[in-house]
Amino acid sequence: MKGLSLILTVALLVAIVPVHTWGTASAAPFVPIQEIQSNTTDGDASAYNGQTVTTAGVVTAVTGKGFFIQNGTGAWSGIYVYLGTTPDVSVGDYVQVTGTVKEYYGLTEISSVSNVTKLGTAPVPEPVVLKTGDVAQEQWESVLVEVRDVDVTNADLGYGEWEIDDGSGPVRVDDLMYKYTPTDGEHLYYVRGVVYYSYGNFKIEPRSEEDIGLQPEYIPISEIQSHTSDGDRSVYDGKVLRTRGVVTAVAKNYKGRWYVFIQNGTGAWSGICLYFGSTVPKYGDGTPISKGDLIEVTGSVDEYYGFTEISDITNVTKLGTAPVPEPVVLKTGDVAQEQWESVLVEVRDVIVTNPYLGYGEWEVDDGSGPVRIDDLFYDYTPEYSRYLYIRGPLMYSYGNYKIEPLGPEDIEPYIPRVKLVSFEVQPPLMKGIGKEFDLKVLNNGTLTENVRLVVVIGGKVVVNVTAEIEAGGEFEYSFYYTPNETGELPISVILYEANTGELLDIRNYLFDVKPNINAVSFGLTARYVNDYQAELSDLNALYANFTEVVNKLEEYGVKFDPKLAQKIEWINANYQTVEEEYALYLKFLHGAEKTGFYLPPMLHIRIALFTGEKVKAEILDILPVLQKALKEIEKELTPQPAPVQGNETTTNQTVVSNQTASAVNVTITIPSVLIDASHNQYYVNKVGVNGLVENIKSDLGWDVEINYGPLTYDTLKDYDVVIILNPGNDLTDDEIVALREYVENGGGLILAGDWYKYVNPTLNKVLEGYGLAFEKTELMDDEDNSGRPYYPYVGVYNRDVPITKFIPDGWKMYYNGDTIAVSGNAVWVIRAFETSYAVDADGNVVHEKGTQPVVAAAVQVGKGRIVVYGSSKGFSDSYNGNYISTTWPFIKGALMWLVGEI
């Protein structure tokens, strides 16, 4: 369909999933779990009781004599399979079961099992979150569920059972698979497990200690903040804990990220920030967290580039309400200290010393030293020179402490009775050229004022005049000034009461002085001419070669796809522009040598140079493809030699050919790749993918573009391959639909993940139903790595898949990322070494050594294809380009397979 240079070669990838069976296959009818469970005769017993059926699902739990399976999630989705012996299945196996439906003392199960077939693996469904009072219902039987924020109301019901309640009604917990001994009154953040029925009661059956949400240690805010390892980093960095405080602010930044600030009391070390990301801060019942709430929070302490915060928040409990602490009043020079981080602070009677620090920041000073004000939560540009107070929580980012006002109530300007209302100059300011500055002063008071106006430029007083201004009147003043240097020019305009010296108003400005344009034009003309001669001396010959190749291809009847034809047309038009602009440069140069006015020739040689560079780059991009195509066509059309009858020697032959130039019927296409950068991808926007782009262009001769807008089908359909590295911001539902439509209609898609802390879950929504999923893991290798276990090498390749065609034997690739779950028609492409293993966020080993976890896989979907890789870092310029240099042979194969060239 897309992206071929000359000849389309379709390679079908067939994934053969190993199938393990035991027992004898049966012709029993297939009945989904939901049908078995929900179709009842009396609201309890299944209508299939006593019938032999076949069903399928994902293993969610394993007991000593059977296992639980689920088909999707929600009501009626689970069932228990009773074997009577230890089953040979694992959580996450996708199995098909044939057996007899049986009502075992009220529990619907499948027994007398004749066949269990492992069809592959699949993600285990997330637990259904329920209130404790809602668990004991037939519809949740054998379904994986979770209850939250519960108290132990009876620690010993007998026979290993105990009782919990979240306030909605009690539910039992049992020890079928895991025994936990609680204490009366103990608070648990969650209890999860499958719902079981026995001895007249529904009960939750935890599978392991991970299903019991024990309370972490309580640490006061002051302890978290003041105990540091280096005067900055908290000793609790990375630790999951509980802490308490009064909510002083709930704020959302301009990127839609939510922050909650809490304090335990007031003073130094009393505040900390809770980071919720894109999740709206709320309690378990959906009630929003509000200013003045007294809360207890559970989460992980994180030193985010020097700013101590709590993230990965698992629980927030409202304990009541309390007065919000008053801001701590500080001198501006005392604010920038670690002890005030996340504390509400206030500075008073400050002067704006720099209104434009960049990125929405500005600077104030009360005479004790400056402090920064930022616009993370409240977009405000200082309109006055003096402020009565500025308040907000103190944050740290990009190497600076800064006060973050939350709204207009946190900024109170000082409005003087006599003030400067305008200060204007006609731009631009240029070195050596005088300009008129005009200012206007307004008396807002009720009395006539005697005012002294002082203007300071570059540290020197250039204006010092006195004027009497009537109440409600204005005073206008103009002066000339000639800058003597280029660069920043600070100007201060100060108004005093002439008799008492009282400061009435002060405004600080920062102007940019440009070089003298004529002097600049002369220097730039010489520079552009030298660059033109050095860089474009071969442009004419290159363009002549290009036009010759294009003309020959057209003579052979070759067609160009619309995008390539547009490129050729662009090159022709812009080459003509280069010639015209160079001719104009020569024309105006003659006059400039007499008048000294070099602006006109400078402008024309500049256009000729920059346009010529673009033309040359475009020719160099597509000429190799056109030359290759021409060579193949001419080879195809070369007449074949035939021996002359009676004189068959290698040097005396007759040429016989039935082919002519008009016999060629091909269209030349240059595949195009779109790399997404619209979702805050760290490895695209921060680290960079220059090596990847350069390799695609130079090695394959393909086009590459970077996307900064929403992913729509209308955008995607114009590209042969789309590459999405792990998104920092979630893909929207519309974008997920567009990506799936793009693939199923013939597009090629590469998705890359990241290790468990960062892998974006919306990637799996794109892959849903395709047999591929990113696991929330991190690949480790204690033996074969590039310096740390979490930087393992990978290098086991599936040579039955054409994607690995360009990877040399014994090749090792740098890796840092997660693992891939493969099922259905998908096929693995790259595995880790025998010494590798994978862990989850809690450090549990989820893939043992020797299992060789999958890190790359592929699948054909509809008319299109998908390749997934667990490491976005592998596509980036990380580690001085070592990652992309080792992964390029794999990426090259993936790209060519996606467009059908191998």
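**Entry 1: charges over rings.** Which residue lies over the face of Phe806? I found Lys892 there, at 4.5 Å from the ring centre. A reminder to myself before going on: this is a predicted model. I then looked up a second contact of this kind, where Arg386 has its charged end over the ring of Tyr414, 4.4 Å from the centre of that ring.

**Entry 2: helix 13.** Next I went through helix 13, which covers residues 882-898. I checked its length: with 17 residues at 1.5 Å a residue, the helix should span 24 Å, and the end C-alpha atoms are 24 Å apart, so the two agree. The helix does have a bend, about 50° at Trp888, and I noted that a proline, Pro889, follows within four residues. Just past the end of helix 13 I noted Gly900, with a positive phi of about 85°.

**Entry 3: aromatic pairs.** I searched the whole structure for aromatic pairs and got 39. One of them is Tyr814 with Tyr883, a tilted pair at 5.3 Å centre to centre with 45° between the planes. This pair links distant parts of the chain: Tyr814 belongs to strand 45 (residues 813-814) and Tyr883 to helix 13, 69 residues apart.

Tyr869 is buried at 0% relative accessibility, and Phe875 is buried at 2%. Elsewhere, ring pairs join Trp362, Tyr378, Tyr380, Tyr384 and Tyr387 into a cluster.

**Entry 4: Asn690.** I looked this residue up in helix 9, which runs over residues 690-700. Asn690 counts as exposed, because its relative accessibility is 61% and the cut-off for exposed is over 50%. How far apart are Asn690 and Ser876 in space? I got 7.5 Å, C-alpha to C-alpha, although the two are 186 residues apart in sequence.

Entry 5: The partner of strand 30 is strand 29 (residues 449-457), antiparallel over nine bridges.

**Entry 6: around strand 6.** Which strands pair with strand 6, and in which sense? Strand 4 (residues 78-82) pairs with strand 6 (residues 107-121) in the parallel sense over two bridges; in this pairing I noted Tyr80, whose bridge partner in strand 6 is Glu109. Strand 5 (residues 93-104) pairs with strand 6 in the antiparallel sense over eleven bridges. Tyr94 stands opposite Gly120 of strand 6. Strands 5 and 6 form a hairpin with two residues between them, and in the turn I found Tyr105 with a positive phi of about 50°.

Notes: Residues numbered from 1 in each chain as written. Predicted model: local features only at pLDDT ≥ 70, side-chain atom pairs only at ≥ 80, totals over all residues. Heavy atoms only, no water. Pairing = 2+ DSSP bridges. Buried < 20%, exposed > 50% of the residue type's maximum accessible area, 1.4 Å probe, protein only. Phe/Tyr/Trp six-rings, centres within 6.5 Å; stacked < 30°, edge-to-face > 60°. Lys NZ or Arg CZ within 6 Å of the ring centre and 35° of its normal. Expected span 1.5 Å × (residues − 1). Bend = angle between axes of the 7 residues up to and from the residue.
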